[in-house]
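Subject: Structure handover

Hi,

Here is the structure I said I'd pass on to you. Have a look first, and my notes follow below.

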Amino acid sequence: MLVFALATAWLCASVPVFAQESYYWCYAQKPDLSYFDHPPMVAWLIWLGTACFGDGAWGIRAGTWLCGLGATAVGAALLRAFGVDRVGVSAWIGLSLLSPILALTHFLANPDPMLTCGSAVVMYALWRARDGGLRWWLLAGTAAGVALLSKYSAAFLGLSGAALLLADPPLRRQLRRPGPWLAVAVAAVVFLPVVAWNIRHDFASFRFQTGERYGKATFGLQWFGHFVGTQFLLLHPVLALALPAALAWLGRRAVRDPRALWLLAFGVPLPAWMLCSSLWIQVKPNWLAPAYVPLVLGLVLWWRDCGPALAAARPRLVRLAALALLAIPAIAPFAPLLRLVPPGRGSSWVGWDELAVRAEKWEERLDQQDAIDSNVFFFAADYRDAAQLQRNLHLLWQADGHHAGTADDKGEPTLAQNVLGMRALQFDHWTPPRSRIGQDAVFVLPRPAARGEMVGKARQVFATVELAEHVQVKCMGIDLLAADIYVCRGYKGPASGE
């Protein structure tokens, strides 16, 4: 476990910060009860991590690392409670790093590590609560509330718990005691900050994640094929090929073996729902992360029972599968080389330190031409670009000796595509664009060749828009990121009708 912890800590510190992580870092700069597109747990943990370790990769991911280790440790504890031997427990710990989607929950700062850890604790606490211990019910309720504070899909924990209360006799007997009802009450109380935020904001987050997401759904196979393909790769092809056999084995045993019932109850509902949803909407690859803890635990149980016979019958196949599993740790040492990989559409992880330096220089020139202090703002054409720009400007100001929240912090606000009249998720709930009418702006536009329409939109809402500089970020002769920086004068407000 120590080697596992050190390996994931190294990944946390060495992998560059992705755009979505910078977006959640922006959450943490404005602590709140919740946020537009996610509950607040990811922001709270990033706030704590950066307060302790700074705004670099390790500070942003320290909470993720702890949650990842927590989920792995709880999974190991559950296997021991199931009566699995030391070999099986060690196999689970190894698979936590060998499966890409589980490995990601150890070093990427997003809501999934907190959700996965909370879900694992609920699963373990309910198993222990079969004996009627009140403390385990209270732990299950608290963990369920924390999972709900992490991501709305934690609601599936309620479905799993209800199914077990009906199907497992020892748990069903607990319904006559206060434990289950107190667990539900505790979970509801822990979740109250999200409810309060939604009441204050006209239920914007609830509406976005339900009616708005499914309101534009159209039937088709495009997202279904994408979902199946990405899950096959993210779980790991070897594990994905073995999973149907493990599920069939668990299904046959579920009536007489509560361990199988447990893992199916927590592992099947979320993937089943997402599989059906992928026929109508895009299902993001990471959404199934919490379900893979019970499913991989089920694979371990199946292998400890059926593995020896399979190894004897197909020794060459088993050796090949073992080698394929080891491919993930074999490439892990090369993770820092991701900094030399040009980012694709929609995300970015390199070049923003240089873009921040160039954008800051143009902001200083505008300030020198304007007698009014802080009459300039920054913006980007995408909320992820805006988040990367804001974080790297913050790091730049810190390096120059400024401190956030003090009088000498000269950090001007960074806005997103809401400047152009487009929705920008949580950025819509921070600096309102109309508060900047009449001001000038520095517009940073990465990948400009494919985004010329954004310049046209900018010309509609500013008096003048001038190309100030084209920046080509390179490293070791590799073109990593191209961006245009525009000086925009006389903001007129968001375009009407957008």
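To start with a question: how many of the residues of β3 are buried? Seven of its seven, so to speak a strand that is mostly covered. Keep in mind throughout that this is a predicted model.

The two sides of β3 tell the story in detail. On one side sit D440, V442, V444 and P446, and on the other A441, F443 and L445, and all of them are buried, which leaves both faces of the strand covered. As a reminder, in a regular strand the side chains alternate between the two faces of the sheet.

Now for the sheet around it. β3 belongs to an open sheet of five strands with mixed pairing, in the order β2-β1-β3-β5-β4. The edges are taken by β2 (414-415) and β4 (462-475); each has a single partner strand, so one side of each has no neighbour in the sheet. 

Going through the pairings:

- β1 and β3 run parallel and are joined by five bridges, with A380 opposite V444 in β3.
- β3 and β5 are antiparallel, with six bridges; here V442 stands opposite V487 in β5.
- β4 and β5 (residues 478-491) are also paired in the antiparallel sense, over 12 bridges, and Q472 is found opposite A482 in β5.

Two helices are worth a look next to these strands. Helix α21 (residues 352-369) packs on the sheet, where it touches β1 (376-380), β3 (440-446), β4 and β5, and its direction makes about 20° with that of β5. Helix α23 (residues 452-461) lies across β3, β4 and β5 and runs at about 150° to β4.

Most residues other than glycine have a negative phi, and most peptide bonds are trans. L425, in the loop between β2 and β3, has a positive phi, near 50°. Is L425 buried or exposed? Its relative accessibility is 19%, and because the cut-off for buried is under 20%, L425 counts as buried. R447 also has a positive phi, near 50°, and its place is in the loop between β3 and α23.

How many cavities of 30 Å³ or more does a search of the whole structure find? The answer is two. By class, the lining of the largest cavity has 14 nonpolar and three polar residues, with no charged ones.

The second largest cavity has a volume of about 40 Å³. Its lining is made up of A71, T72, W92, S96, L102, T105, H106, T116 and V293, and the elements that give two or more residues to it are α4 (57-81) and α5 (86-98). Here the classes come out as four nonpolar and five polar residues, again with no charged ones.

Cheers

Key. Residues are numbered from 1 along each chain as its sequence is written. This is a predicted model: local features need pLDDT of at least 70, side-chain atom pairs count only at pLDDT 80 or more; totals for chains, interfaces and linings use all residues. Side-chain values use heavy atoms; hydrogens and water are left out. On a 1 Å grid over the protein atoms alone, a cavity is a set of points where a 1.4 Å probe fits but cannot get out, and a pocket is an open set with protein on both sides within 12 Å along at least five of seven lines; lining residues have an atom within 4 Å of a point. Grid points are joined across faces, edges and corners, and a volume is the space filled by probe spheres set on the points. Ala, Val, Leu, Ile, Met, Phe, Trp, Tyr, Cys and Pro count as nonpolar, Asp, Glu, Lys and Arg as charged, and the others, Gly among them, as polar. Helices (H or I, at least four residues) and strands (E, at least two) are DSSP runs, numbered from the N terminus. Two strands pair if DSSP finds at least two bridges between them. Contact means heavy atoms within 4.5 Å. Axes are lines fitted to C-alpha atoms, for helices over the stretch in contact, and angles run from 0 to 180 degrees between N-to-C directions. Buried means under 20% relative accessible area, exposed over 50%, partly exposed in between (1.4 Å probe, protein chains only).
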